[in-house]
Amino acid sequence: MLDLHLQYALHTTSFAEQPISDKTLSRFRKRCYDYETLHGVDLYHDCVKDLSGKIAKIMKLNGRIRRMDSVMIESNIRFLSRMELIYTCISKLVVYLTKKQPDMLSEQLKHYADPNDYNRIFYHQRNDDMEAIIQTLLTDSDVLLKLCKTDFEEVTEYQLFIRCLSDQTVVENDKRRLKTREDGTMNPSALQNPSDPDATYSLL
């Protein structure tokens, strides 16, 4: 919000108040991911590739040498989007249980009902904590599954939670993990947004 370079790029240097919030980057990642799954076009990749090519030409850089961090940017966007989807489905179910049956929740799960918990998970962590966070989310998902059993099959929040786990994860050797490309993660009917469960994308 205070970076003049960014304001210049956005043509907002004359604005009295900058149109940026603490959720801007998260929304940006999600929109990039949603656009790619819908249209099959990775806008972020194309933009960075075009700009890096122009900069490389100006600076006379060797195009055969690539920085590792630039290679990881696009995969990190997808990874964070999947993390946010799983977190949101867990949170919605925990909020429902907190209202309906608060005594059944363990201390391990109660933080998901805290409105400030999302920011603590996604904005106040280092990048190298992400693997640990996703593992915690998967572990908590299994705890929530055992807790609910089959008692909430008619509840929308539970149905979305189950659908998300089915779309995004797989149990292998009694341990839950994220699905990989080999497992098939581009199902057209996969849940994209818990707030719009009917939204899908087309395979092009």
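Predicted model: local features only at pLDDT ≥ 70, side-chain atom pairs only at ≥ 80, totals over all residues.

**Surface and overall make-up**

Residues are numbered from 1 along each chain as its sequence is written, and side-chain values use heavy atoms, with hydrogens and water left out.

Next I looked up the elements, which are DSSP runs numbered from the N terminus: helices (H or I, at least four residues) and strands (E, at least two). I found eight helices and two strands, in the order α-α-α-α-α-α-α-α-β-β from the N terminus on.

Of the 204 residues, 30% count as buried (under 20% relative accessible area; exposed is over 50%, partly exposed in between; 1.4 Å probe, protein chains only). I also checked contacts, meaning heavy atoms within 4.5 Å. Among those with a separation of 6 or more, 64% join residues 24 or more positions apart.

**The nonpolar core**

Then I turned to nonpolar cores, each a set of buried Ala, Val, Leu, Ile, Met, Phe, Trp, Tyr and Cys residues joined through side-chain atoms within 4.5 Å. The largest has 30 residues, and I86, I90, L137 and L144 have the most contacts inside it. Helices α4, α6, α7 and α8 each supply at least two of its residues, and α4 gives the largest share, nine residues. As background, nonpolar side chains tend to be buried together in soluble globular proteins.

Leaving out residues up to four places away in sequence, L137 touches M83, I86, Y87, I90 and Y112.

**Aromatic pairs**

For rings of Phe, Tyr and Trp (its six-membered ring), I counted a pair when the centres lie within 6.5 Å; planes under 30 degrees apart are stacked, over 60 edge-to-face and the rest tilted. That gave four aromatic pairs. One of them is Y87 with Y112, tilted because the planes stand at 45°, with the centres 5.5 Å apart. Y87 sits in helix α4 (residues 68–100) and Y112 in the loop between α5 (107–110) and α6 (117–122), so the pair ties together parts 25 residues apart in sequence. Both are buried: Y87 has a relative accessible area of 3% and Y112 one of 2%.

Y96 and F152 make an edge-to-face pair, 6.4 Å centre to centre with 85° between the planes. Here the tie spans 56 residues in sequence, because Y96 lies in α4 and F152 in the loop between α7 (130–148) and α8 (156–168). F152 is buried at 6% relative accessibility. I also noted one aromatic cluster, formed by Y87, Y112 and Y118.

**Cysteines and a threonine**

How many disulfides does the whole structure hold? I found zero, taking a disulfide as a pair of cysteine sulfur atoms within 2.5 Å. For C32, the nearest cysteine sulfur is that of C47, 9.0 Å away. C32 is buried at 11% relative accessibility, and C148 is buried at 0%.

My last stop was T37, in helix α2 (residues 24–39). T37 is buried, with a relative accessible area of 5%. A polar atom of its side chain lies 2.9 Å from the backbone oxygen of D34.

Conventions:
Polar contact = N/O pair within 3.5 Å; in protein donor to acceptor, adjacent residues only side chain to side chain.
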